[in-house]
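The exercises below are meant to be worked with the sequence and the coordinates side by side. Try each task before reading its solution.

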Amino acid sequence: QVQLVESGGGLVQPGGSLTLSCAASVSTSSITGMAWFRQAPGKQRELVAGITNGGATDYADSVKGRFTISSDFAKTTVNLQMNTLKSEDTGVYSCAAGSGLCAVAAALCNYWGQGTQVTVSS
């Protein structure tokens, strides 16, 4: 069973930066898509960014130009560099992995991390 472990969340001031990291407990070639999702209080979970082993990426419109997703599928790791953070970026960020379509749709992700809290506040 693949387990995903996230790290890097925390409290940051508006305009600041954070980097989230996610690593799988085992490396497996069956994982061809990885993504970050977030859920803010009172809101539905949304895709933040996804990436396939072919290098294709997808971003939520609200984070384009500010966030960058990167990955190493040989090690089954994925990172999310978040810059120019805003209060509306606050939420629980979860790493997910699965087929390539996991990069765009939560329903197609097989594995999930427990989530890490990101709070953007002065």
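Predicted model: local features only at pLDDT ≥ 70, side-chain atom pairs only at ≥ 80, totals over all residues.

**Exercise 1.** Which residues are linked with arginine 38 in a network of salt bridges, and which parts of the chain does the pair of arginine 38 and aspartate 89 link?

Solution. Begin with the pair itself: the side chains of arginine 38 and aspartate 89 meet in a salt bridge at 3.0 Å, again taken from N to O. Arginine 38 belongs to strand β4 (residues 33-39), whereas aspartate 89 lies in the loop between β8 and β9, so that the pair, 51 residues apart, links distant parts of the chain. Aspartate 89 has a relative accessibility of 1% and therefore counts as buried. Widening the view, the network of salt bridges links Arg38, Glu46, Arg66 and Asp89.

**Exercise 2.** How many salt bridges does the structure hold, and what accessibility class does aspartate 61 fall into?

Solution. The structure holds 4 salt bridges. One of them joins the side chains of aspartate 61 and lysine 64, at 3.1 Å from N to O. With a relative accessible area of 64%, aspartate 61 is exposed.

**Exercise 3.** In what order do the strands of the open sheet stand, and why is one side of β1 and of β7 left without a neighbour?

Solution. The sheet is formed by 4 strands in the order β1-β3-β8-β7, and their pairing is antiparallel. Since β1 (4-7) and β7 (67-72) stand at the edges and each has a single partner strand, one side of each is left without a neighbour in the sheet. From one strand to the next, the twist averages 15°. Within this order, β3 (residues 18-24) and β8 (residues 77-82) pair in the antiparallel sense over 6 bridges. There, alanine 23 stands opposite threonine 77 of β8.

**Exercise 4.** Where do threonine 76 and threonine 84 lie, and is each of them buried or partly exposed?

Solution. Take threonine 76 to begin with: this residue is found in the loop between β7 and β8, and its phi is near 55°, a positive value in a residue other than glycine. At 1% relative accessibility, threonine 76 counts as buried. Threonine 84, for its part, is placed in the loop between β8 and β9 (91-98), and its phi, near 50°, is likewise positive in a residue other than glycine. Threonine 84 counts as partly exposed, at 44% relative accessibility.

**Exercise 5.** Which residues make the nonpolar surface patch of about 260 Å², and where is valine 104 found?

Solution. The patch is made by Leu101, Val104 and Leu108, and amounts to about 260 Å². Valine 104 is found in the loop between β9 and β10 (109-112). Its relative accessible area is 46%, so valine 104 is partly exposed.

Definitions and conventions
Residues numbered from 1 in each chain as written. Heavy atoms only, no water. Pairing = 2+ DSSP bridges. Helix = DSSP H or I, 4+ residues; strand = E, 2+ residues; numbered from the N terminus. Axes fitted to C-alpha atoms, helices over the stretch in contact; angles between N-to-C directions. Buried < 20%, exposed > 50% of the residue type's maximum accessible area, 1.4 Å probe, protein only. Patch = residues over 30% accessible without salt bridge, like charges linked within 9 Å, V, L, I, M, F, W, Y side chains within 5 Å. Areas by Shrake-Rupley, 256 points an atom, 1.4 Å probe, with all protein chains shown as cover.
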